Amino acid sequence: MDIKFKDFEGPLDLLLHLVSKYEVDIYDVPLVEVIEQYLAYIATLQAMKLEIAGEYMVMASQLMLIKSRKLLPKMVEEISYEDDLEADLLSQIEEYKRFKALGQELAAQHDQRAKFYSKPKTELISDEMELKYDKTVVDLFLAFSKVMADKQDSFNDSHTTVAAD
Amino acid sequence: MTTLAKLEALLFLAGEDGLTLRQLAELLELPPTGIQQSLEKLANKYEEDASSALALLQSSNSYKLVTKEAFAELLKNYAKTPVNQSLSRASLEVLSIIAYKQPITRLEVDTIRGVNSSGAIAKLQALGLVTEAGKLETIGRPNLYATTDFFLDYLGINDLAELIDVSSITVKEEEISLFDETDTND
């Protein structure tokens, strides 16, 4: 396998990767083939005993439903249900694709802003100042837990955690 | 004491918080238009002075005294303030969804991404980039999320309207008909 599974941000990201291999418009993609590739990915990963997030399994069952409905003959008068499922999925992938691209644009825009550095606001102290008493225990609690959450995140980003059995 | 020097002193104290045009006008008791001209003069002065490391930046509707772009490499290893830190891919996706679809619930973000986003939202909240903005009047009364003023500063813009146009990236929707055609041929 050429790509590590961990690199994907969920099942839609994986589907987008598979769809993009065809290099055609997203609505021209042969969906049945993509479904088969997706299921193959999941099966290989299971064989290698890799941990798979629950969302990938939910997506696998949705894809199997689409594929099995496609095989059954169509009812004449009904609005074809399987088309809806397929179109829904494709527009879902499309919308995800859009926000994935937007995320990159935001990152580029932020990189430009991040080149400018500044200093924290200077704390001014004088005798005439009076305490306002507008902060409560809740504010204190929120302030400290915010600092903790911040630190925890930056710690998690720079360290790899291995869970014990 | 010239106006330029006064402005510089105030902006130096304010640091990363910055000062709005209105605050500066009130502090110096001058009309905002005059302040604006002086600010431009100050920015020009910094720009022309090769031995000055400072520059004037306007983001999130306030003026800030910052270092020049050229010093980014030098300061990168020394300074690690929240506004200069980059985000993970997951956080960026969630942030862009919230930025363009705000106010939005966590479940709607999850649906677009196809994966649970509570971790990323908590992180963005801790960084002060998004905040809870009321509740949706539906079963469960879920929280609505929106971006903060710090988000504008984080991107170096003054208004949400300055965000990159979505239409410049999107693929045309009319292609749906092609899909139906291929389907009937089956």
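Let's start inside chain B, where the C-alpha centres of domain 1 and domain 2 lie 30 Å apart. Domain 1 of chain B covers 3-71 and domain 2 of chain B covers 81-161, with bounds from an automatic or database domain assignment. This is a predicted model, in which local features need pLDDT of at least 70 and side-chain atom pairs count only at pLDDT 80 or more, while totals for chains, interfaces and linings use all residues. Residues are numbered from 1 along each chain as its sequence is written, chains are lettered from A and ligands numbered from 1 in the order in which they are written, and side-chain values use heavy atoms, leaving out hydrogens and water.

The two domains of chain B bury about 500 Å² between them, 36% of it from carbon and sulfur atoms; buried area is the accessible area (1.4 Å probe) that two parts lose on being put together, summed over both. On the domain 1 side, B:Ser59, B:Ser60 and B:Asn61 lose the most area, together 65% of what that side buries. One salt bridge links these domains, and B:Lys64 forms a salt bridge with B:Asp153, with the closest N and O atoms 3.7 Å apart. A salt bridge here is a side-chain nitrogen of Lys or Arg within 4 Å of a carboxyl oxygen of Asp or Glu.

Now look at where the chains meet. Chain A and chain B bury about 5100 Å², 59% of it on carbon and sulfur atoms. Five salt bridges are found across this interface. The side chains of A:Glu9 and B:Arg113 meet in a salt bridge, 3.0 Å from N to O.
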